[in-house]
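User: I would like a close look at a single part of this complex, taken slowly and in plain terms. The model is below.

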Amino acid sequence: MNVTSLRAERPRGRVSSGLFKAFLLFSIGVGIVTLGTLLVTVVAKGYKYLDLVLLLEPPSADPQIAGARPAILATIYLGLLLIAFSVPIGVGTAVYLEEYANRDRWYNRLLEVNIQNLAAVPSIVYGILGLAFLVRGIGLGRVLLAGAMILTLVVLPTVIIAAREAIRAVPDSIRQGAYALGATKWQVVWRQVLPAATPGIATGSILALSRALGETAPLLLVGALTYVAFDPTILGDFTALPVQIFQWVARPQEDFRILAASGIIVLLLILLTLNAFAIWIRNRYQRKW
Amino acid sequence: MAAQEVTASAVRLRATRRRWGEDVVKVVLALCALISILTTVGIVVSLFLPAIEFFRDVSLSDFLTGRTWAPLFEPSHFGVLPLVAGTILVSLCAALVCLPFGLGAAIYLSEYARSRERKILKPTLEVLAGIPTVVYGYFALTLISPLLQDLGIQEGVFSALSAALVMGVMLIPTVASLSEDAMSAVPRDLRDGAYALGSNRMQVSLRVVVPAAISGIIASFVLAISRAVGETMIVLIAAGGQPNWTFDPREAVQTMTAFIAATGQGDVPTGSLEYKTIFAVGATLFVMTLVMNLFSIRLVRKFREVYE
Amino acid sequence: MSDTIRGVLPAQQRELPDPSLREVVFDVDDLGVSYNGKPALKDVNLEIYRNFVTAFIGPSGCGKSTFIRCFNHMNALIPGAKIHGTIHYHGADLYGHEVDPVEVRKRIGMVFQKPNPFPKSIYDNAAFGPRVLGMTDDLDGRVERALEQAALWDEVKDRLKASALSLSGGQQQRLCIARCLAVEPDVILMDEPASALDPIATTRIEDLMHELKNDYTIIVVTHNMQQAARVADMTAFFSVERGEEGQRTGILVEYDATPKIFTQPSDQRTEDYVTGRFG
């Protein structure tokens, strides 16, 4: 054996290694290329109808004057209601699980498994829940409030999980110090733990909100009509931006395809803003303990 | 300054007043937690009660083994198999895309990429996961379907393949993220030992890291398939609206989720048999995903235990 | 024997008052602590005297931290911890029926091993105790007095709104002491207060203990014998006893005036420890 040569001895090994690496790069590439193609085609097509008409006018059978105003307003209202419902309930549940619940009790462990499970249930099942209970069951009807309530349930497991992680990240030494000064459990939570966990909770909630605003299926079942020409109210008929896009996509005419692309641009911009905001909060306020 | 005068008789260590506030807080928080339990109960009740009613009129065996789904025709048929077949067809084809490429992406990020590359690539893949499904549906219908038609693969406007390809790409981050977590949890020593014996990176990845992380990787596979089964918008837009008992992905199919969405949207009279089909199919869907999710949760717990 | 220790005993080591003149703050009777059934400490009997600095010394694992945490109900925060025996505080049973941990901690404060200031301003750290206990009259005055007693006021008086985390390690620990003093306790418990600090900061903490004992009763856990010799009036030496199945339980070996412990200990184990033969 020639010991002075350190070059790879088996060329065959190198070929398969090379092919493997190529496959790995291709794997990453598939995703990136698809993302790029999607964004480019959407923007290229939708750019044409991206104007104030889109933002300010209601939809119409004539694509030239159709806008997405009711849908955009409804999406904004849904977002506000979503935050108002899901953050208190989600943070409350997280505080209960992290600070108050006795881990040895069977019902608390069941609670944890339950939340993990709910996070993976298909969103259309939540839509069925909404249809049966809210729309038909208690007769709330196909209204914005029902949509907000159901989306809250969709998003709640994610908020709970994010809030729990933020609360867990607060070091125990802070709690000990506060207890030693005579604080009660709620005082420790409210005055030390939650303030310290707030950046993490905020980031997690906004990311969850952003996911929820892109959801379509549960809204279809809960009554987001695909053709709404007036501004939404909480207890009235409604639509939402993803639903409006869906309606336009379903039409075969090219003009509606263009409108759909424009609507998509608006939706993606809204989501991008939310995500950027969440990341900004994380970078600015997150403490490395 | 020293404390209040302390003599044996003056020291009172009992609370000056009962702290009601603490008890109230605990109850309020427990009620918040109760909402998630109520959600599960609500889902189960809202699915299975109407489904049970449905199965009084339609026999379970007809439902589960029948190959024709035509609830509105005369005579009506309630065989759910075409819908199930549509779901499985789309999900399997999506899996053929997301499982290998997701794993490949994970191996690259975990074993090959430099930290600067990872910092850019990982968030980019996350963006892929954050795009709303209705946008993917649009993409499938307006770009992929015409492309497949031009290539002669697809005949009509809709096809299972078109939806499945896009769904598969959408699920790559799901597989990649969880698999990469599992692979990072594998201790360095295992890799270092193999490298020290002269293995190259491919051998270490495939023979050491992947087997060590296998339960997390399989959990990610199961999770991705479960998501594919539950996906609605991509198939609603691009896969088709007619139930079709077939295993040819080039044909148009209707999945369980698309059926539920299409039927639930309309003004179906409450209590009618057609209305109840929503719940019967919904219950079937829920059971399928529940089994997969429970399996995946257990696998994730197992892989977390091994290395912590 | 311990000439080095003897040389360290401060000249100002005062003559301890006659036992009949000492006022008992804590009377510990047959105290034991177990975690989930496993005993960590047992059969402790001693008395803590007012305005004394009492040190607990001993090898690691002998239960000194467990013991000191009994005085302010901090063991109650650990699930599975059980206290056996009694502690009487000025005659009242510390673990009696319906005793409220908040009332206990109002009178008996604690400083921890690693400085743990809250991620808030210096002012808010010192003001936290009075705020949660409802002592909000003259808050500014309380904060100033507490920071002065902790020998920190001059260094921070111009930047009370600055974050507590911007202080050095020694300053942070003095802030934690100030925080404790702000609620005007009777007793201060210190669990290895200087072990995470550099020697200069350590000296400042020890000087502080000398001053504070005029107004407060101080119990300090330390693994540093020289420190005990420098600051403590009374010293309790703890050690580990091995059971039949090999389990380790902490016990009190000897408790006496500090000079005696270090120069003429009654128990051989004490002498072995203070001369450095083991531990």
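How many residues of chain A are in contact with chain B, and how many residues of chain B take part? Please take chain A as the part to examine, and go through its helices and its contacts with the other chains.

Analyst: This is a predicted model. In it, 63 residues of chain A are in contact with 65 residues of chain B. On the chain A side, helix 1 (residues 11-46) of chain A gives the most, with 17 residues. Sorted by class, the side of chain A that touches chain B consists of 41 nonpolar, 18 polar and 4 charged residues.

Confidence comes next. For the complex, the predictor gives an ipTM of 0.89 and a pTM of 0.88. Chain A has a mean pLDDT of 87, with 93% of its residues at 70 or more. Among the elements of chain A, the lowest mean pLDDT, 76, belongs to helix 2 (residues 52-56) of chain A, and the highest, 95, to helix 7 (residues 172-180) of chain A. Where pLDDT is low, the predicted coordinates should not be read in detail.

As for its make-up, chain A contains 11 helices and 0 strands. Read along the sequence, the pattern of chain A is α-α-α-α-α-α-α-α-α-α-α. The radius of gyration of chain A is 25 Å, whereas a compact globule of 289 residues would have one near 19 Å. Along the principal axes, the C-alpha atoms of chain A fill a box of roughly 75 × 75 × 35 Å.

In one of them, the axes of helix 3 (residues 69-100) of chain A and helix 6 (residues 144-169) of chain A come within 6 Å and cross at roughly 40°. Because of that angle, helix 3 of chain A is oblique to helix 6 of chain A. The crossing of these two helices of chain A is right-handed. The residues of the contact of helix 3 of chain A with helix 6 of chain A divide into 22 nonpolar, 5 polar and 3 charged.

Another pair joins helix 10 (residues 241-250) of chain A and helix 11 (residues 254-285) of chain A, whose axes come within 8 Å and cross at roughly 160°. At that angle, helix 10 of chain A is therefore roughly antiparallel to helix 11 of chain A. The crossing of helix 10 of chain A and helix 11 of chain A is left-handed. From helix 10 of chain A, the residues in contact are Leu241(A), Pro242(A), Gln244(A), Ile245(A), Trp248(A) and Val249(A). They meet Phe256(A), Leu259(A), Ala260(A), Gly263(A), Ile264(A), Val266(A) and Leu267(A) in helix 11 of chain A. By class, the residues of this contact are 11 nonpolar and 2 polar, with no charged residue.

Helix 11 of chain A also meets helix 8 (residues 185-213) of chain A: their axes come within 9 Å and cross at roughly 170°. Helix 8 of chain A and helix 11 of chain A are therefore roughly antiparallel to each other. Helix 8 of chain A contributes Pro199(A), Ala202(A), Thr203(A), Ile206(A), Leu207(A), Leu209(A), Ser210(A) and Leu213(A) to the contact. The residues from helix 11 of chain A include Ile270(A), Leu271(A), Leu274(A), Asn275(A), Phe277(A) and Ala278(A), and among the others are Ile281(A), Arg282(A) and Tyr285(A). The contact of helix 8 of chain A with helix 11 of chain A has 13 nonpolar, 3 polar and 1 charged residue.

The partner chains remain. Chain B has 12 helices and 2 strands, in the order α-α-β-β-α-α-α-α-α-α-α-α-α-α from the N terminus on. A compact globule of 308 residues would have a radius of gyration near 19 Å, but that of chain B is 27 Å. The C-alpha atoms of chain B fill a box of roughly 95 × 65 × 35 Å along the principal axes.

Chain C touches chain A through a contact that takes 19 residues from chain C and 15 residues from chain A. Helix 3 (101-107), strand 6 (108-111) and helix 4 (122-132) of chain C each supply at least two residues of the chain C side. That side has 11 nonpolar, 4 polar and 4 charged residues. Chain C has 11 helices and 10 strands, and its mean pLDDT is 89, with 93% of its residues at 70 or more. The radius of gyration of chain C is 19 Å, which agrees with the value near 19 Å for a compact globule of 279 residues.

Terms used
Residues numbered from 1 in each chain as written. Chains lettered and ligands numbered in written order. Predicted model: local features only at pLDDT ≥ 70, side-chain atom pairs only at ≥ 80, totals over all residues. Contact = placed C-beta atoms within 7 Å. Helix = DSSP H or I, 4+ residues; strand = E, 2+ residues; numbered from the N terminus. Nonpolar A, V, L, I, M, F, W, Y, C, P; charged D, E, K, R; others polar. Axes fitted to C-alpha atoms, helices over the stretch in contact; angles between N-to-C directions. Parallel < 35°, antiparallel > 145°, perpendicular 65-115°, else oblique. Left-handed = near helix turned anticlockwise from the far one by under 90°. pLDDT = per-residue confidence, 0-100. Rg over C-alpha atoms; globule rule 2.2 N^0.38 Å.
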